[in-house]
Amino acid sequence: MIENLISQLIRTGKVSSINPANCTAKVVFEDLDNKVSGDLRLLMNKTQDDKDYWMPDIGEMVECLFLPIGMAEGIILGSTYNEADMPPWNDANIRGTKFKDGSFWCYNRKTGVLDIEIVKQINLKAPDLIIKSNVKITGEVAVNGGISATGTIKSDSDVLANTISLKQHVHTGNLGNPTSAPIGG
């Protein structure tokens, strides 16, 4: 009796459609002759002041919790891994997200390392961006706006400011006297 009731309250199915505006989805249950649920709300971490958001993919396996009155009222508790969809990591110290396009972020609490790989672009917007680290950059960096630095800026390659080379610029009027501003490089 209890097993029968529990099997009706907690069900595993696959997402058949999603409604991103309402954060709901319908789920098909193959074990019930492909019966489709009503719109089910998705369980989120936060929804009031801070807002979490995720939408499952069509065909994604999810766990659902229903009220005892049938499959019209319920919530999607979340997705589960299975033989067809295995976890992207196999380490209890890692928390992360891997995206369909290959982008990912993962934090390893044992090593203290945060890895972020984005396939196209990262947009950061803040009134102030403060980086306290030994920054090592490989590749090109373009800055739209000003740069101020305290401390030493080290570069194995050249640095250009308004097309003036830091390594190759020249001045006039030296020999112990004040020099002119750099002459275009």
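Let me start with a term: helices (H or I, at least four residues) and strands (E, at least two) are DSSP runs, numbered from the N terminus. What you see here is a predicted model, in which local features need pLDDT of at least 70 and side-chain atom pairs count only at pLDDT 80 or more, while totals for chains, interfaces and linings use all residues. Residues are numbered from 1 along each chain as its sequence is written, and side-chain values use heavy atoms, with hydrogens and water left out.

Pockets come next. On a 1 Å grid over the protein atoms alone, a pocket is an open set of points where a 1.4 Å probe fits, with protein on both sides within 12 Å along at least five of seven lines, and lining residues have an atom within 4 Å of a point. Points are joined across faces, edges and corners, and a volume is the space filled by probe spheres set on them.

The second largest pocket holds about 1,200 Å³. It is lined by 31 residues, and Glu60, Ser79, Tyr81, Thr97 and Lys98 are the closest to its centre. Two elements give two or more residues to this lining, β6 (74–79) and β7 (94–98). Which of them gives the largest share? It is β7, with 5 residues. By class, the lining has 16 nonpolar, 7 polar and 8 charged residues; here Ala, Val, Leu, Ile, Met, Phe, Trp, Tyr, Cys and Pro count as nonpolar, Asp, Glu, Lys and Arg as charged, and the others, Gly among them, as polar.

The largest pocket has a volume of about 2,800 Å³. Of its 42 lining residues, Val135, Ile137, Val141, Val143 and Ile147 lie nearest the centre. The elements giving two or more residues to that lining are β10 (160–161) and β11 (164–165). The lining divides into 19 nonpolar, 15 polar and 8 charged residues.

Now the salt bridges. Side chains of opposite charge can pair when their charged atoms come close. With a side-chain nitrogen of Lys or Arg within 4 Å of a carboxyl oxygen of Asp or Glu as the rule, the count is 3.

Asp31 pairs with Arg11, with the closest N and O atoms 2.5 Å apart. Asp31 sits in the loop between β2 and β3 and Arg11 in strand β1, 20 residues apart. Asp31 is exposed at 54% relative accessibility, whereas Arg11 is buried at 10%. The cut-offs are under 20% relative accessible area for buried, over 50% for exposed and partly exposed in between, with a 1.4 Å probe and protein chains only.

Glu30 pairs with Lys14 at 3.9 Å between the closest N and O atoms. Glu30 lies in the loop between β2 and β3 and Lys14 in strand β1, so this bridge ties together parts 16 residues apart in sequence. Asp50 and Lys46 form a bridge at 3.7 Å, N to O; Asp50 is partly exposed at 48%, and so is Lys46 at 42%.

Last, backbone angles. Most residues other than glycine have a negative phi. Cys23, not a glycine, has a positive phi of about 55°. Cys23 is in the loop between β1 (10–19) and β2 (24–29), and is buried at 15% relative accessible area. Asn34 also has a positive phi, about 60°. Its place is the loop between β2 and β3 (35–36), and Asn34 is partly exposed at 48%.
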